[in-house]
Each structure stands twice: as structure tokens, then as C-alpha cells.
Amino acid sequence: MNAQQGPNPYAEIPCNVLWEMYARGTSKNPCGVEVPCQPGIPWPYARALYLAVTAYKPSFVHEVGMAIGTSSLAILAGLRRLDQRGRLVSIDPCQTKDFAAQGITNVRRAGFQDLHELVEEYDYLALPKLL
């Protein structure tokens, strides 16, 4: 963003992929082609997730549903800021089938794959295994 436009309102969360999704409404699919996207949660919610992770410093976070990875990226950016102390497990049985692997692709593009695990099962099957 240039000086005439002002500061980047998304710069608080250190994740270029997330900025791209909110600022431009685009992301790249698994083939690297830019596609339109609609972030799954409003920016203030993504910011709140990031701030909660950095404040509470969890060692393990799980989410049910991943879609294009908006909340995943906010959580993972917070975990990365904590010097790799935590891990996110996303449970989404439809990640590949219904979302064309867009969420996991965004996680990889952001460089957070070492902090993340995708479980493509229904939550009622996956959650008991995490206990």
C-alpha cells in the first residue's frame, strides 16, 4: 500500500496470505491460479482470534471447519508469533471435496504447515481421537 492510501489496516496480523484475502478478495488455488475469495469471518473476528492466541499462549488449538482457511491463518499467525510453541488441528471432512483444498493450500502458502494438521473426518469421529 502506498503512502497516499495510508497504513495497511491488516498489518497487525503477520500473514501476507490473509492480507491478500481481505484487501484484494483473492487467493491462489492449489494450481497457483488467483481466484476470488470471500473470507469466512469478518476482519475484527480474525484479529480477535490472533490476539487471543498471542495473549493466552495455547499449546494446542483445534477448529471444526476450515473452508478457505481464514480463521486457521489468524490462529496460525498467532502460534508462529509464540515461537512455534503451539499446534492447530483443523477438522474438516469437506476440505478437499467441497473447498478444493483451498484452506490447506493457504496454510502452505503462508508457511504455517509445520504448525498445522488437517483431519478430514467428521468432528464426532475426530474429536474423541484428540483426547
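Set aside the neighbours within four places in sequence, and Leu-73 is in contact (heavy atoms within 4.5 Å) with Cys-15, Val-17, Leu-18, Met-21, Asn-106, Val-107, Ala-110 and Phe-112. Keep in mind that this is a predicted model, where local features need pLDDT of at least 70, side-chain atom pairs count only at pLDDT 80 or more, and totals for chains, interfaces and linings use all residues. Residues are numbered from 1 along each chain as its sequence is written, and side-chain values use heavy atoms, with hydrogens and water left out.

Leu-73 also turns up in the largest nonpolar core, which has 28 residues; Ile-13, Cys-15, Leu-18, Leu-73 and Leu-79 have the most contacts inside it. Such a core is a set of buried Ala, Val, Leu, Ile, Met, Phe, Trp, Tyr and Cys residues joined through side-chain atoms within 4.5 Å. Buried here means under 20% relative accessible area, exposed means over 50%, and partly exposed is in between (1.4 Å probe, protein chains only). Helix 3 (70-81) is one of the helices that each supply at least two residues of this core, and its six residues are the largest share.

Now look at Ser-72, which lies in helix 3. Ser-72 counts as buried because its relative accessible area is 0%. Its side chain makes a polar contact with the side chain of Glu-63 at 2.2 Å; that term covers a pair of N or O atoms within 3.5 Å, where, within protein, one must be able to donate a hydrogen and the other to accept it, and residues adjacent in sequence count only if both atoms are side-chain atoms.

Technical notes:
Helices (H or I, at least four residues) and strands (E, at least two) are DSSP runs, numbered from the N terminus.
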